[in-house]
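Subject: Structure for your files

Hello,

Here is the structure I said I would pass on. My notes follow below it.

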Amino acid sequence: MIAEIGHFAITLALIMALVQGIAPLVGAARDNAAWMGLAKPAARGQFLFTALAFACLTQAFVTSDFSVAIVAANSHTLKPMLYKVSGVWGNHEGSMLMWVLILTIFGLMVAEFGRNLPPSLHARVLGVHGLIAVGFFAFILFTSNPFERLDPALLQGQGLNPLLQDPGLAFHPPFLYLGYVGFSMAFSFAVAALIEGRVDPAWARWVRPWTLAAWCALTVGIALGSWWAYYELGWGGWWFWDPVENASFMPWLAGTALLHSSIVVEKRDALKSWTVLLAILTFALSILGTFLVRSGVLTSVHAFATDPSRGVFILGLLVVIVGGALTLYMIRAPQLKGGGLFSPISREGALVLNNLVLATATAVVFLGTLYPLALDAVGGGKVSVGAPFFASTFVPIMSPILIACVIGPTLGWKRGDLGTALKRLRLALLVAVVVLLAVWYMAAGNQVLSALGLGVAAWLIVGAFIDLAGRLGVFRVSLVESWRRTVNLPRSAWGTAFAHAGLGIFVAGVTASSSWQTESVQLMRAGDSVPLAGYTVTFEGAKDLKGPNYNAVRGGFTVRRGDRVIARLKPEKRFYPAEQSQTTEAAIHTTWMADIYTVLGDRDESGAWTTRFYHNPLVPWIWAGVMVMALGGGISLTDRRLRIGAPRRARDNPSRAASPVPTGS
Amino acid sequence: MRLSFILPIGIFAILAALFGIYLYQIGPGGKDIKQIPSVLIDKELPEFELPPIEGRGDGLNTSDLKGRAALVNVFASWCPPCRTEHPGLMQLAKEGFALYGINYKDKPKDAMGFLARLGDPFKRIGADANGRAAIEWGVYGYPESFIIDRTGRIRYKHIGPIMPRDLEMTIRPLLEKFSK
């Protein structure tokens, strides 16, 4: 019964989306306030019914209702409650329901908080958003109904892929989807602006918070996924250039470019058509991410729903949504007149460089991910490009940005002076060169790239805060004055500093962990010890134990430095009888400067265990850096100008005459 | 109208068409992507001679593959699906089948680490550092496996990772059949 309520709720949500997708757009075209006013109640209704459907599905998972097909296929009564709940989105149908739930939450937020938008723009944004929702609700109802019944019902479910039964991965999809779907807001704003035929600084100011929020969520989501791969897959790597990873990385790269180019639109009224195009492309890549993972176009380790008929539907959606937007772009974008001129050496110039690099990098990842597919489609046979391709293209392409993103924020708008900027940054330059030389010297001159990497990291971190210190007048003006400036400095400046410093921390982590990883693989018996990067790891033996829905062997390892015990680590090998599969649970001790990573392998005939240890220097910095980047985004999101919203000019907009009708709630 | 405004929709149209063609091919009634026949099926092995992975003493030549049924697996440490199928290969080796490896475009250190970590099911491994042998063998993607009979003819080719189902349904039965 509850499943049928859920199914019915999705149908009602689709109808609400149809209303929201048609009425406001027609209303805005005819200047009919009543029709435009329909957007708000429709958005509310859509959210309520989708939330109801999601609640129904959650109920089915929590109570293990095995008469619902996806619950039977993905859950099990013995599964811990956390994974029963995360099982809701740990499968194709449920994850699509979560996708639209987030879509309707964003729609609701624009409906409720968009009061200071000009009414026609508000109506059009919500209208476009409604049309996207129509497509995805139809996708769920026609190809992926999560409430499909199973007759006869099963007594026991088949369980969730044990690899996915992990706290890190339980929260990975929600964040990823917040990011993907968040970019739909930027898209709706871009299409609405194209319909209106106007893009101005006020528009950029409205788009920015949505893009920032989506970007932060996507950043956290990708970091969680990569962290999970690091400790769960048990081979010590953290990024594999796997198509599914690339699918989330492409919208991130494009979204990062969008964040930066919208600054130029806002401050200087330039780069308009490019920014609109980026907004369209970023969301297109988000849908493509969904498409690649869900359709079976690319098979990969963790693509869990592979079904070509869904692929055809998503391709149709892509053609309508993105093809439609790009056609509109072709017709309307030439009318968007750019404002400010600027010289190449200027804040705008640096942001353009940022965009060029990020766009190229996105194109490279796109090519590397889809080229094998394209070649196959035209009959050229199958090829595979792996990590070697990305390592030799992506890294060199991104390098200029690492140098320039420190200089950019110190340059003036319109026309900057490179000499002055470098003079302000001389301390950062000095630290970077010292770090570079020190590393180069310690590595006896044969690890030039590693030295370069750490030098660049120092440049980024120190540079970011020198710029901040400069703005605050640290050591130049009185403490009181510095404090006053600290309070008054726009939060976006703090955000920039944190995000760029986070990039530096990330670069340091990547460089050190890939350059100086120590690995040790051996056969051990209880009592044996092996040295590992200055530590001694002793094997204390292994014993069997029983988890809620698995059997495990747990190894005990003691890590010592000299005689001092640093850590006791207990890696496990788990066997899940319901799913008939095995996972390794690495045990990791982190000192923040390095990870000691232990994995228990198989036992051979003689009773000795294969054990693997890694010493990964600075590896925690990889995720710490990414989190600092997301934190920077979050700080920027609290900027006063984004909270206050629209500048005066827009409030006095003549279209104010068509004021929205009050909607009863 | 300036080209720069038409370009996005143009590129998108081409990409959408490519996706469409691809989906049509793998769709109902379309070709099964796993079943592309190798031009080498039932032909003699290509002549090749591969050096060992640096730090090992074996290497792989055409003559190594004659005299008994065998599975030749093309793998690389950077290829995640290769890790997925590896336990299956270990299982086959344990059952006594002859497995040979072609290590495709890999760093010796990474390849050795891969084998040390996940186990080494191979009797001999050749290092195909520049991808030349992979071209000779007509390898489409990684991983890929070939089943060879005792006269040294290629009898079957499997594209992509050998999943437990493939192992039970095709790979093991074929190996048993050609071993007789």
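Helix α5 (residues 81-86) of chain A contains A:V85. Please keep in mind that this is a predicted model. A:V85 counts as partly exposed, because 15 other C-beta atoms lie within 10 Å, and a residue needs 20 or more to be buried and 12 or fewer to be exposed. Leaving out residues up to four places away in sequence, A:V85 touches A:T58, A:F61 and A:V62. A:G470 is 385 residues from A:V85 along the chain, and their C-alpha atoms are 49 Å apart.

Next, the nonpolar cores. The largest one has 240 residues, and A:A186, A:F189, A:A279 and A:I280 have the most contacts inside it. Helix α10 (residues 201-232) of chain A gives the most to this core, with 20 residues. Apart from residues up to four places away in sequence, A:F189 touches A:V125, A:W203, A:W206, A:V207 and A:A279. There is also a second, separate core of 17 residues, which includes A:F539, A:A542, A:I596 and A:F613.

Last, a helix pair. In chain A, the axes of α17 (residues 426-442) and α18 (residues 448-472) come within 8 Å and cross at roughly 155°. That angle is over 145, so α17(A) is roughly antiparallel to α18(A). The crossing of α17(A) past α18(A) is right-handed. Residues of α17(A) in the contact include A:L427, A:V431 and A:W440, and those of α18(A) include A:L452, A:W459 and A:I466. The residues of this contact comprise 19 nonpolar, 3 polar and no charged.

Regards

Conventions
Residues numbered from 1 in each chain as written. Chains lettered and ligands numbered in written order. Predicted model: local features only at pLDDT ≥ 70, side-chain atom pairs only at ≥ 80, totals over all residues. Axes fitted to C-alpha atoms, helices over the stretch in contact; angles between N-to-C directions. Helix = DSSP H or I, 4+ residues; strand = E, 2+ residues; numbered from the N terminus. Parallel < 35°, antiparallel > 145°, perpendicular 65-115°, else oblique. Left-handed = near helix turned anticlockwise from the far one by under 90°. Contact = placed C-beta atoms within 7 Å. Nonpolar A, V, L, I, M, F, W, Y, C, P; charged D, E, K, R; others polar. Core = buried A, V, L, I, M, F, W, Y, C linked by C-beta atoms within 7 Å.
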